[in-house]
Amino acid sequence: MSDKLKELLDLVIGIECELDDAYYAIPEYDCNSDGKSNIDGARCSVYNLKDVIEKAIIEETNRKDIPGFEGTMGALESL
């Protein structure tokens, strides 16, 4: 996994935790419903960003070159 993707994932996880803390710290009053809704929307965006980064890490891991192999993935899988 690239160091940049790992670094991004760590930052996003930190933001996710901070937003979770903020969401649960807001008291349950009607006047706070807009604030909670906005924080919840940001949490959703962060969850989606985290998914994108994790998928990029998985794709990068699966794309490793195999030294000395000049064939296709189909040929490799049939070995």
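Modeller: Before we start, a contact here means heavy atoms within 4.5 Å. Also keep in mind that this is a predicted model.

Let's get our bearings. The protein has three helices and zero strands, and the elements run α-α-α from the N terminus on. Of its 79 residues, 18% are buried. The accessible surface comes to about 6,200 Å², and carbon and sulfur atoms account for 56% of that. If you take the contacts between residues at least 6 apart in sequence, 58% of them join residues at least 24 apart.

Now for the spot itself: K36. You'll find K36 in helix α2, which covers residues 33-62. Is K36 buried or exposed? The cut-off for buried is under 20% relative accessible area, so K36, at 10%, counts as buried. Which residues does K36 touch once its neighbours within four places in sequence are set aside? Those are Y23, I26 and E28.

K36 lies over the face of the Y23 ring, 4.3 Å from the ring centre. R43 lies over the face of Y23 too, at 4.4 Å from the ring centre.

The ring of Y23 also has an aromatic partner. A pair of aromatic rings is described by the distance of the centres and the angle of the planes. The count of aromatic pairs comes to one. In that pair, the centres of the Y23 and Y24 rings are 5.1 Å apart and the planes stand at 90°, so the arrangement is edge-to-face. Y24 itself is exposed, since its relative accessible area is 60% and the cut-off for exposed is over 50%.

In soluble globular proteins, nonpolar side chains tend to be buried together. Here the largest nonpolar core has nine residues, and Y23 is one of them, along with L5, L9, V12, L19, I39, V46, I53 and I57. Helices α1 (3-25) and α2 each supply at least two residues of this core, with the largest share, five residues, coming from α1.

Leaving out residues up to four places away in sequence, V12 touches V46, L49, K50 and I53.

Key: Residues are numbered from 1 along each chain as its sequence is written. This is a predicted model: local features need pLDDT of at least 70, side-chain atom pairs count only at pLDDT 80 or more; totals for chains, interfaces and linings use all residues. Side-chain values use heavy atoms; hydrogens and water are left out. Helices (H or I, at least four residues) and strands (E, at least two) are DSSP runs, numbered from the N terminus. Buried means under 20% relative accessible area, exposed over 50%, partly exposed in between (1.4 Å probe, protein chains only). A nonpolar core is a set of buried Ala, Val, Leu, Ile, Met, Phe, Trp, Tyr and Cys residues joined through side-chain atoms within 4.5 Å. Rings of Phe, Tyr and Trp (its six-membered ring) pair if their centres lie within 6.5 Å; planes under 30 degrees apart count as stacked, over 60 as edge-to-face and the rest as tilted. A charge sits over a ring if NZ of Lys or CZ of Arg is within 6 Å of the ring centre and within 35 degrees of the ring normal. Accessible areas come from the Shrake-Rupley method with a 1.4 Å probe; for residues, only the protein chains shown count as cover.
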